[in-house]
Amino acid sequence: MSVINIALSKGRIYEETLPLFAAAGIEPQDDPSTSRKLILPSNRPDVQFLIVRASDVPTYVQHGGAQIGVVGKDVLMEHGGEGLVEPLDLHIAKCRLMVAGYPDTQLDGQQRLRVATKYVNCTREHFAKHARQVEIIKLYGSMELAPLVSLCDLIVDVVDSGATLAANGLVPLEHIADISSRIVVNRAALKTNNQPISELLQKLEIAVKEKQSA
Ligand code: AMP
């Protein structure tokens, strides 16, 4: 029996994904908010959950440490998706990847703007598409702080309600992409272990549709 490892991160994605897996008949046997275990067995002997950092999910699945992953589209776009297929949108953890800054910032002015972000690849691609020269500053968190101390002119970050931007005097300026969590599958595993993976995907797809029509 080959075991299917499902990589996912703690927090919002884990909480919103769990009911979908439960509807597909798979439930973890431990709680990652209280357990320090990084491999959580499930009620099925052939399925277990791996708790990894959100930005590491595509890497685990790409290199076969996990056969399936649950990951935000923002993380997936930044990773590039090599070695992965993306068969299912779970329609959870929705937000938008945005360019944000002070309301009076001239995006198309003469000045070469500095953009702080953890999404370096997405940012480079977005500004190149608009033929704008920018300097990208890599940060790992609290992007909203950077313009307040003149570290940058703009940020690229995920925005949900916009409350964090507003609380810091910033506004969304440009939309880059709509984001939600996706199922990703290791391309090779989909061929070698097709039947159990396809069955699981089908059940998840039904659970997503049922949730949406509820
Ligand atoms: P909000 O104030 O509702 O716009 O939320 C923005 C903050 O929450 C930002 O710091 C984001 O990094 C984070 N955030 C919002 N939505 C998501 C999401 N779906 N996934 C990950 N982080 C998010």
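## Getting started

In which loop is S150 found? S150 sits in the loop between α5 and β9 (154-159), and we will come back to S150 below. The structure is a predicted model, in which local features need pLDDT of at least 70, side-chain atom pairs count only at pLDDT 80 or more, and totals for chains, interfaces and linings use all residues. Residues are numbered from 1 along each chain as its sequence is written, and side-chain values use heavy atoms, with hydrogens and water left out.

## The overall picture

The protein chain has eight helices and 11 strands; these are DSSP runs numbered from the N terminus, with helices (H or I) of at least four residues and strands (E) of at least two. Along its principal axes, the C-alpha trace of the protein chain spans about 60 × 35 × 30 Å. Of the 214 residues of the protein chain, 47% count as buried. Here buried means under 20% relative accessible area, exposed means over 50%, and partly exposed lies in between (1.4 Å probe, protein chains only).

Strands β7 (residues 113-117) and β8 (residues 134-138) pair in the parallel sense over five bridges; strands pair if DSSP finds at least two bridges between them. Within this pairing, A116 stands opposite I137 in β8. From β7 the chain passes through helix α4 (residues 120-129) to reach β8, a β-α-β crossover that is right-handed. Right-handed means that, with the strands pointing away from the viewer, the path from the first strand over the helix to the second runs clockwise.

Helix α4 has V120, C122, T123, H126 and F127 as its buried residues. Seen down the axis of α4, these fall within an arc of 160 degrees, so they line one face of the helix. The arc is that of the directions from the helix axis to the C-beta atoms. The face of α4 turned away from the buried side carries the exposed residues E125, A128 and K129.

## Helix α8

Helix α8 (residues 194-213) has 20 residues, which at 1.5 Å a residue should span 28 Å, and its end C-alpha atoms are 28 Å apart, in agreement. The expected span is 1.5 Å times one less than the number of residues.

In α8 the buried residues are I197, L200, L201, L204, A207 and V208. They fall within an arc of 125 degrees seen down the axis of α8, so they line one face of the helix. On the other side of α8, the residues Q195, Q202, K209, E210 and S213 are exposed.

## An aromatic pair

The count of aromatic pairs comes to one. Rings of Phe, Tyr and Trp (its six-membered ring) pair if their centres lie within 6.5 Å; planes under 30 degrees apart count as stacked, over 60 as edge-to-face and the rest as tilted. F21 and F49 form an edge-to-face pair, 5.5 Å centre to centre with 90 degrees between the planes. Because F21 lies in helix α1 (residues 12-23) and F49 in strand β3 (residues 47-51), the pair ties together parts that are 28 residues apart in sequence. Both F21 and F49 are buried.

## Two serines in loops

S150 has a positive phi of about 60 degrees although it is not a glycine, and S150 is exposed, with a relative accessible area of 51%. S142 lies in the loop between β8 and α5 (145-148). S142 also has a positive phi, of about 45 degrees, although it is not a glycine, and S142 is exposed at 55% relative accessible area.
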